[in-house]
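User: I would like to go through a model with you. Could we take it step by step?

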Amino acid sequence: MKYNKKMFLEYASAFDYTEDFYYNAKENHGKSITWEQAIKENDEFMKSMENWSLKDFQEWFDFRKFDIDENEQASEQRG
């Protein structure tokens, strides 16, 4: 089976990184943040995935062993 961007976005939608943003804020930003700010960071991160390449998804989710649809990748890069 070849994976495409839509499949990765659907898979990614099952994850929520709010807690990670909240508890790692001091380490990443040098100061604590509110839960609302963590929610906003999670939302922005998930939205940014729309601009990821298939290779980015493979690396983030450690799916390097799976095939990607190279034709899909090329058409997405062209716009």
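This is a predicted model: local features need pLDDT of at least 70, side-chain atom pairs count only at pLDDT 80 or more; totals for chains, interfaces and linings use all residues.

User: Where is confidence lowest, and where is it highest?

Analyst: Confidence is lowest in helix 5 (residues 70–78), with a mean of 54. The highest value belongs to helix 3 (residues 35–48), at 97.

User: How many helices and strands are there?

Analyst: The protein chain has five helices and zero strands. Along the sequence the pattern reads α-α-α-α-α. Of the 79 residues, 29% count as buried.

User: And what share of the contacts joins residues at least 24 apart?

Analyst: Among contacts between residues at least 6 apart in sequence, 56% join residues at least 24 apart.

User: Back to helix 3. What span should its 14 residues have?

Analyst: At 1.5 Å a residue, helix 3 should span 20 Å, and its end C-alpha atoms are 20 Å apart, which agrees.

User: Which residues of helix 3 are buried?

Analyst: The buried residues of helix 3 are Ala-38, Glu-41, Asn-42, Phe-45 and Met-46. Viewed down the axis of helix 3, these buried residues fall within an arc of 135°, so they line one face of the helix. As background, an α-helix has 3.6 residues a turn, so residues three or four places apart point the same way.

User: What does that buried side pack against, and what is on the face turned away?

Analyst: The buried residues of helix 3 pack against helix 1 (5–12), helix 2 (18–29) and helix 4 (54–60). The face turned away from the buried side carries the exposed residues Glu-36, Lys-40 and Lys-47.

User: What caps the N-terminal end of helix 1?

Analyst: Asn-4 caps that end of helix 1, with a side-chain oxygen 3.1 Å from the backbone nitrogen of Lys-6.

User: Changing topic: how many aromatic pairs does the structure hold?

Analyst: The structure holds 16 aromatic pairs. In one of them, the rings of Tyr-3 and Phe-8 have their centres 6.0 Å apart and their planes at 40°, so the pair is tilted.

User: Are Tyr-3 and Phe-8 buried or partly exposed?

Analyst: Tyr-3 is partly exposed, with a relative accessible area of 21%. Phe-8, at 2% relative accessibility, counts as buried.

User: Which residues form the aromatic cluster?

Analyst: One aromatic cluster is formed by Tyr-3, Phe-8, Tyr-11, Phe-15, Tyr-17, Phe-21, Phe-45, Trp-52, Phe-57, Trp-60 and Phe-61. Phe-45 is also among the buried residues of helix 3.

User: Last item, His-29. Where does His-29 lie, and what does its side chain contact?

Analyst: His-29 lies in helix 2 and counts as partly exposed, at 45% relative accessibility. The side chain of His-29 makes a polar contact of 3.1 Å with the side chain of Glu-41, and Glu-41 is one of the buried residues of helix 3.

Technical notes: Residues are numbered from 1 along each chain as its sequence is written. Side-chain values use heavy atoms; hydrogens and water are left out. pLDDT is the predictor's confidence in each residue, from 0 to 100. Helices (H or I, at least four residues) and strands (E, at least two) are DSSP runs, numbered from the N terminus. The expected span of a helix is 1.5 Å times one less than its number of residues. Buried means under 20% relative accessible area, exposed over 50%, partly exposed in between (1.4 Å probe, protein chains only). The arc is that of the directions from the helix axis to the C-beta atoms. Contact means heavy atoms within 4.5 Å. Rings of Phe, Tyr and Trp (its six-membered ring) pair if their centres lie within 6.5 Å; planes under 30 degrees apart count as stacked, over 60 as edge-to-face and the rest as tilted. A polar contact is a pair of N or O atoms within 3.5 Å; within protein, one must be able to donate a hydrogen and the other to accept it, and residues adjacent in sequence count only if both atoms are side-chain atoms.
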